[in-house]
Amino acid sequence: MNQSHILEILSSLQALVTESHIVYTSGKHGSSYINKDALYPHSAETSQLCRLFAEYFAQDAIDIVIAPALGGIILSQWTAHHLSQLHKREVLALYAEKIEGTKDFVIKRGYDKLLPGKNVLVLEDVLTTGGSVKKVIELVRTHGGNVAGLGVLCNRGGVTQEEVGSVPKLQALVSVSLEAWEPEHCPLCAQDIPINTNVGKGREFLEQKKKSY
Ligand SMILES: [Zn+2]
């Protein structure tokens with residue numbers, strides 16, 4: 001599967017919109033929009049994308065896949081399933097979860113005891129700053145797992161493998177620009193490119209603009 005096929009899957013579900021004119025919740029404008037939650041209800045498409053993770057990391061002798069909850073659980077399950085099929089041996093699917101009221105993660109439920117000495121693939125849906133997944137990577141290492149790589153659905157912050165704890169491999173299915181502008185400095189507005197009213201806050205922005213005339 002090539003990049004355009006991946007984009008096609010995500011676009012058809014409105015999980016990803018690129019080369020558009022989007023109004024974000026923050027009020028800023030930009031050209032791309034990602035909504036991972038629009039992907040997960042569709043198990044066939046989710047499975048297809050996770051198959052790609054399995055293929056990308058097929059040579060890395062992965063024993064365990066782990067991802068941060070909640071969305072990550074779905075990625076972890078499907079990818080471990082495909083790796084198990086590829087290798088004809090069981091690859092485990094685990095998840096790390098947020099410690100309530102904090103931004104920190106924990107690996108509990110006995111999953112931490114499965115990690116020592118194992119090759120671990122870490123997954124994340126959207127990489128913006130990489131902060132959350134970096135914590136999961138550190139946790140895996142603390143529990144004695146060997147982080148073999150990081151797979152992400154979408155790298156929207158241009159995050160590098162060094163920034164997330166120097167993982168040996170970082171594979172993003174798609175990379176999109178995070179660049180955003182205040183409306184008055186928006187180059188897309190300046191070029192009169194129509195605002196996307198299907199996703200984000202485009203419709204509200206246009207209604208507000210109409211009122212102010
Ligand atoms: Zn604009």
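Visitor: Lysine 88: buried or exposed?
Guide: Lysine 88 counts as exposed, because its relative accessibility is 74%. Exposed means over 50% relative accessible area, buried means under 20%, and partly exposed lies in between, with a 1.4 Å probe and protein chains only.

Visitor: What sort of model is this?
Guide: This is a predicted model, in which local features need pLDDT of at least 70 and side-chain atom pairs count only at pLDDT 80 or more, while totals for chains, interfaces and linings use all residues. Residues are numbered from 1 along each chain as its sequence is written, and side-chain values use heavy atoms, with hydrogens and water left out.

Visitor: Back to lysine 88. Where is it found?
Guide: In the loop between α3 and β6 (92-98). Lysine 88 has a positive phi of about 55°, although it is not a glycine. Helices (H or I, at least four residues) and strands (E, at least two) are DSSP runs, numbered from the N terminus.

Visitor: And serine 166, what is its phi?
Guide: Phi of serine 166 is near 50°, a positive value in a residue other than glycine. Serine 166 sits in the loop between β9 and β10. With a relative accessible area of 48%, serine 166 is partly exposed.

Visitor: Which residues does the cis peptide bond join?
Guide: Alanine 69 and leucine 70, with omega about 5°. Leucine 70 is in the loop between β5 and α3.

Visitor: New topic. What coordinates the zinc ion?
Guide: His21 (NE2), His29 (ND1), Cys186 (SG) and Cys189 (SG) do, at 2.0 to 2.4 Å. Donors are N, O and S atoms within 2.8 Å of the metal (3.2 Å for Na, K and Ca); water is not among the atoms, so sites may look incomplete.

Visitor: Why is the arrangement called tetrahedral?
Guide: The 4 donor atoms subtend angles of 100 to 118° around the zinc ion, so the arrangement is tetrahedral. Four donors count as tetrahedral if all angles lie between 85 and 135 degrees; four count as square planar and six as octahedral if opposite donors are over 155 degrees apart and all others between 65 and 115; anything else is irregular.

Visitor: How are the zinc donors spaced along the chain?
Guide: They follow H-x7-H-x156-C-x2-C. Histidine 21, in the loop between β1 (16-17) and β2 (22-23), and cysteine 186, in the loop between β11 (180-181) and α5 (187-190), are 165 residues apart, and the pair links distant parts of the chain. Histidine 21 is buried at 1% relative accessibility, and cysteine 186 is buried at 3%.

Visitor: What about the sheet: in which order do its strands come?
Guide: The 6 strands of this open sheet run in the order β7-β6-β5-β8-β9-β10, with mixed pairing. Two strands pair if DSSP finds at least two bridges between them. β7 (105-106) and β10 each have a single partner strand, so one side of each is left without a neighbour in the sheet.

Visitor: How many bridges are there between β8 and β9?
Guide: There are 8, in the parallel sense. In β9, 9 of the 10 residues are buried.

Visitor: Which strands does α2 lie across?
Guide: β8, β9 and β10, and α2 runs at about 150° to β10. Axes are lines fitted to C-alpha atoms, for helices over the stretch in contact (heavy atoms within 4.5 Å), and angles run from 0 to 180 degrees between N-to-C directions. The buried residues of α2 include Leu49 and Phe53.
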